Amino acid sequence: MGNCKTLKKEHIPLVKRMMEVGKAVLHRNNFSDLNDVRMGFHWPPFCSISHLHLHVLAPASQLGFLSRLFYRINSYWFITEIKSLLSLHGGQFSGEQEIRVNSPFWILNIPSEEMARGLMKRTVCAKSIFELWGHGRSAGELYASLKNYPVDKMLPYLQSDSTYKIHIHTFNKTLTQAQKIKKIDALEFLPFKGKVNLKKPEHIFWILEDYGMDPNNVPEEPFHLYFGRWIADGQRELIESYSVKKRHFIGNTSMDACLSFIMANHGGVKPNDVVYDPFVGTGGLLISSAHFGAYVCGTDIDYNTIHGLGKATRKNQKWRGPDENIRANLRQYGLEKYYLDALVSDSSRPIWRKGMLFDAIITDPPYGIREATRRTGSQKETDKTAERSTENHIFVSSSYHLSDIFFDLLKFAAEHLVMGGRLVYWLPIYRPEYTEEIIPRHPCLKLISNCEQMLSSHTSRRLITMEKVKEFKDQDQNSYLLDGQYMPYRGHNSFREKYFSGVTKRIAKEEKDNQK
């Protein structure tokens with residue numbers, strides 16, 4: 001069996017058996033306190049080995065005191081984004097980190113407060129970061145943990161000439177003001193000497209309580225409590241300020257602002273990088289990279305989109321305006337100085353000189369759903385389809401299979417990325433047929449992360465991040481054909497048909513239900 005994502009209802013006896021074996025091993029090692037045991041599976045792609053295996057950790061209370069606490073929105077994205085940002089700031093993601101998939105809180109070791117602030121200047125997944133002073137599974141455990149926290153680390157923030165305030169945040173539960181005041185008063189044993197200032201305090205402290213993820217089954221007491229000093233907030237406001245709804249130039253497939261920033265962070269984009277999008281469309285992915293100080297460029301086969309011509313996508317607007325283009329989008333956010341250019345070009349045809357040109361390639365290839373998958377071709381090569389723009393620009397295009405798109409993309413990245421540069425792209429998959437083996441590979445590129453975004457009950461797309469670890473040689477030109485990495489994904493060439501087959505079945509079911 002592959003990993004925990006392949007588990008189904010019929011596998012419950014197997015999981016129970018694995019837990020029994022784990023308990024038996026603990027018993028043989030004279031460990032009997034099952035309340036101090038942590039069992040669990042690693043969630044892909046964070047698996048040390050490819051087959052299903054259960055981790056049994058004991059005693060859990062002695063796993064080490066972790067000094068940093070993150071509050072985040074979605075752990076699957078958050079883990080990979082923070083890993084990328086840690087690498088960007090010279091840090092390293094340790095295997096000792098405490099990942100809690102079913103919790104809105106995450107504890108992480110970070111070498112310095114400066115690095116923590118640097119992470120929060122980039123992340124759109126994390127809400128806030130705190131210096132953790134204490135935590136526990138009950139109020140008593142929290143207070144005991146706080147009493148054990150070194151006083152010399154507290155004192156700089158508790159001086160008599162300083163000001164402070166204490167916030168309370170409860171996840172999945174609402175407390176009355178009286179309940180909040182009672183919890184704050186219970187911290188009177190802490191050596192606060194400063195004055196309370198609710199408007200502009202120098203130091204802000206937070207009590208964080210986790211009441212689980214089920215809104216229909218909220219416990220009386222929290223599962224876990226934390227107390228810490230606030231350090232910085234994340235960049236969640238970027239999602240609103242860069243919203244596609246407010247953007248000057250949009251298309252059918254303009255990327256959501258939040259996902260655009262996540263992709264830029266996965267790509268490790270930094271100031272003065274050169275970032276390229278071979279399926280640039282309306283340039284949504286260029287904007288997030290330019291926000292972080294990178295110079296951006298792109299290509300697209302669609303002449304009308306590159307030149308801002310033809311019918312508009314926006315509601316109640318028939319034709320695109322005279323200044324609807326990618327450059328205008330970057331100008332809207334004060335980022336025009338980072339815009340290099342966008343070219344009409346076929347990504348399957350080489351137009352770039354050989355060599356390492358780009359620090360990152362960040363893209364969202366077409367899947368054949370909202371945008372066609374096509375490439376240029378002659379009448380001799382394929383049945384021609386003539387397309388005409390308002391500029392009388394005519395070319396012939398042919399179908400472009402998904403498997404060819406992605407392997408051309410990997411080959412291009414292997415040849416034109418700098419060493420250590422990253423390729424970030426979306427891979428559409430049909431979930432019933434998905435295995436990790438179908439992910440396209442290249443000997444020059446190392447898979448860094450693989451995150452899923454559901455599209456429907458039977459389809460999804462996976463955000464793939466790869467890093468160039470080997471220089472491209474002539475013998476690497478078609479090496480993926482030799483090592484069997486090409487064939488597995490070819491089954492997804494019919495992704496469009498499989499996507500719409502599910503839609504057709506759902507409509508038929510709804511019509512049948514309505515007739516009852």
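In which sense do β10 and strand β13 (residues 358-363) pair, and over how many bridges? I looked this up first: the two run parallel, with two bridges between them. Here strands are DSSP runs of E with at least two residues, helices are runs of H or I with at least four, and both are numbered from the N terminus. Two strands count as paired if DSSP finds at least two bridges between them.

Ground rules, before I go on. I'm looking at a predicted model, where local features need pLDDT of at least 70, side-chain atom pairs count only at pLDDT 80 or more, and totals for chains, interfaces and linings use all residues. Residues are numbered from 1 along each chain as its sequence is written, and side-chain values use heavy atoms, with hydrogens and water left out.

**Around β10**

I checked who faces whom: Val275 sits opposite Ala360 in β13, and Tyr276 sits opposite Cys297 in β11. β10 (residues 274-277) and β11 (residues 295-300) are parallel and joined by four bridges. Between them the chain passes through α9, and this β-α-β crossover is right-handed (with the strands pointing away from the viewer, the path from the first strand over the helix to the second runs clockwise).

**The whole sheet**

I traced an open sheet of seven strands, ordered β12-β11-β10-β13-β17-β19-β18, with mixed pairing. β12 (339-344) and β18 (445-454) each have a single partner strand, so one side of each has no neighbour in the sheet. Further along, β13 pairs in parallel with β17 (residues 417-430) over five bridges, and Ile362 has Val424 of β17 as its bridge partner.

I then noted what lies on the sheet. α8 packs there, touching β13, β17, β18 and β19 (459-468), and its direction makes about 140° with that of β17. α9 packs there too, touching β10, β11, β12 and β13, at about 170° to the direction of β11. Contact means heavy atoms within 4.5 Å; angles run from 0 to 180 degrees between N-to-C directions, and axes are lines fitted to C-alpha atoms, for helices over the stretch in contact.

**α8 against α9**

Last, I looked at the two helices together. α8 (residues 257-266) and α9 (residues 284-291) pack at about 55°, axes 8 Å apart. That makes α8 oblique to α9 (under 35 degrees is roughly parallel, over 145 roughly antiparallel, 65 to 115 roughly perpendicular, the rest oblique). I found Ser260, Phe261, Met263 and Ala264 of α8 meeting Gly284, Leu285, Ser288, Ser289 and His291 of α9.
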